[in-house]
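Here is a short briefing for a first look at this structure. Keep the sequence and the 3D view side by side as you read.

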Amino acid sequence: MATLEDGLKTMVKTFRRECHRVLQSERTTIHGPDGMLMVLQLAIAEVNKQGGEFKVALSDVLMAWKHLLLDKLHLPPHNSVRPENYDLILEAYESFLKCSNTVDLVDIHSMYKQLRVDSDPEEPVSPVQLFEFLSGNMEVSELMDSSVPSTPSSKCRPCSSQVKVLMRKVFCSYLTLLVNSKNDLALALTLDVPSRALGQAAFTDLKHAARNSNTSLFLAVTSFVRAIQLGGKGYAPAEADPLRKHVKGLSDYVQFLDNLQEVLGEIPDPSVCSAKLVTIIRAALVKGHSSGDAVCTAAEETASDLKERICDLHQNQKPISNSTETGISPARPKAYAINHATAYGGRETVKLLMGLLDEEALAPPCRNKADLLSEDQPTLSGAEGTSVLTLFRSPEVSAGCSPEPLRNRVQSRQDLLKPKARERVIRSQFACTYQDDELPLNRVLEFPSSSQLPTCVHPAPKHTINPAIDLDLEPECPSATANPTTESLSQEQSAVQHRAALGPRCGNAKSNEAGLCNRKKSGIQTQDKGSKRKQVDDDQHGGSENQPPKKKPPTGGKMPGKNVSKAKSKRLIAGQGKLTSFFRV
């Protein structure tokens, strides 16, 4: 009489041989009982997120688990009431399996009747037997015999040892990514094991990037890293891309998987290649741990079991490979279903790995569901020890509804305005070229008043300016007055001095010539020729170096010596003209 184990193996072998008839990819992987339960937990949490928080109770998962198995196996419904939003949960569960290119054991059981041939048994496993196996009600000793040493059981791998269970999941997840890179659950279990500083925040940014581009998590990682490594300035990701904060960790992760793909494509012997892959994964997991550590011990035991099981599978496939029926589809996989590095050299190794992963999917479920679905998972290789549910939950972001208290904001503002004490440093002879720090804000805002303007220590003496120089006081020269009085001339000179203190004006040279011509025409003879001589001396000694020299007004003849002596007596001292012109500016 065939046992349940033989029936499950027959069902899976038939699926592998004929899956190309119903599926688009031959790299589809299978979820066992534990994998199905974890996917269901994520589906319920995703539905609960629409109405509240990304959380789910263990009792809700177990209730939905029973209803899911009964509905998919077409068995009589349970007496209990269906969970709330059960249809949405079932839809989210099926959507996750489809996006991850995976199927569960119930789907394989449903497709068996369509895929079987005449030589295959009609029903190797009944729906009731499969329900009892998935729900964990059947005794484990009835399921497995001693010929499968690596298969989980209550004797060799109890679920109480969470480190061993999680270590075996990590090994199988790395091997799963070599076969089916779309498996998001496998990527979540391996992203930060060993530690790459890729915690919940990095996984959330990666999940958002994959959702925006409508791709798998693995394709989002590789696309980002390839764009960083190979893309030019126009093709590189933007500086504001959230994944740029995790470039180093993501690059290390992709580099590690590239090394595995390279080994997979170079070594032709499937058994040697698979053992080499397991060795590389073990070396990465035990790095930084002592030989007596629990993580190191679990990695050594898991690697030894997997290598032994790989050798047994390879020996069992050798005599079958010469015949027409290989147990795995002998047809060359389609082009879109092959990874680039395993197009030719790794085909046989991929078949061997798929056989190993199929046997892991047929392992009996974990007895303690709380340990399997708990958010407190053991720590491996310096990782954070977070569960899959915690990784898929987006971290809480502050909405800004509760701002910082007013006292703290005032104190921070005062600290900002407070001048900082400068450190005493040794300055060299070129200290004048150093750029000083910015002034504090309270000193910048102190504007000088008009009373604080710089004043000259030695005030300049009063000038006797030619009235014809500045015509702003006389826009129109009076033609009726021929002899201005002394009082009007003194007022005019004081006004000219007041305007000269405000600075030079444009157009004075042109107006001087016009005013002088008008005065000659009107017959004004009272102009002091000594003042002209004084103006010439001022232009020679007291002119500003930055201003062009003023044009000399035309003179009508030689000056008498009497006026020259007066001009010499009123000349400024040496340098006083430059000082005065400096403060005018």
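Phe583 is partly exposed, because its relative accessible area is 39% and partly exposed covers the range between under 20% (buried) and over 50% (exposed). Keep in mind that this is a predicted model.

**Surface patch**
- Phe583 sits in helix α23, which covers residues 576–584.
- Together with Leu579 and Phe582, Phe583 forms a nonpolar patch on the surface.
- The accessible area of Leu579, Phe582 and Phe583 together is about 300 Å².

**A helix pair**
- Helix α2 spans residues 33–51, and helix α3 spans residues 58–72.
- These two helices pack with their axes 10 Å apart.
- The angle between α2 and α3 is about 115 degrees.
- Angles from 65 to 115 degrees count as roughly perpendicular, so α2 and α3 are roughly perpendicular to each other.
- Which hand does the crossing of α2 and α3 have? The crossing is right-handed.

- Gln129 and Leu4 are 125 residues apart in sequence.
- In space, Gln129 and Leu4 are 7.8 Å apart, C-alpha to C-alpha.
- Gln129 belongs to helix α6, residues 127–135.
- Is Gln129 buried or partly exposed? Gln129 counts as partly exposed, because its relative accessibility is 34%.

**Backbone details**
- Most residues other than glycine have a negative phi, and most peptide bonds are trans.
- Asn85 has a positive phi of about 60 degrees, although it is not a glycine.
- Asn85 lies in the loop between α3 and α4, the latter covering 86–99.
- With 37% relative accessibility, Asn85 counts as partly exposed.
- Asn101 also has a positive phi, near 55 degrees, and is a residue other than glycine.
- Asn101 is placed in the loop between α4 and β2, with β2 at 102–104.
- Is Asn101 buried or exposed? Asn101 is buried, because its relative accessible area is 16% and buried means under 20%.
- Val193 and Pro194 are joined by a cis peptide bond.
- Omega of the bond between Val193 and Pro194 is about -5 degrees.
- Pro194 lies in the loop between α8 (184–190) and α9 (200–213).

Notes
Residues numbered from 1 in each chain as written. Predicted model: local features only at pLDDT ≥ 70, side-chain atom pairs only at ≥ 80, totals over all residues. Heavy atoms only, no water. Patch = residues over 30% accessible without salt bridge, like charges linked within 9 Å, V, L, I, M, F, W, Y side chains within 5 Å. Areas by Shrake-Rupley, 256 points an atom, 1.4 Å probe, with all protein chains shown as cover. Salt bridge = Lys/Arg side-chain N within 4 Å of Asp/Glu carboxyl O. Helix = DSSP H or I, 4+ residues; strand = E, 2+ residues; numbered from the N terminus. Buried < 20%, exposed > 50% of the residue type's maximum accessible area, 1.4 Å probe, protein only. Axes fitted to C-alpha atoms, helices over the stretch in contact; angles between N-to-C directions. Parallel < 35°, antiparallel > 145°, perpendicular 65-115°, else oblique. Left-handed = near helix turned anticlockwise from the far one by under 90°.
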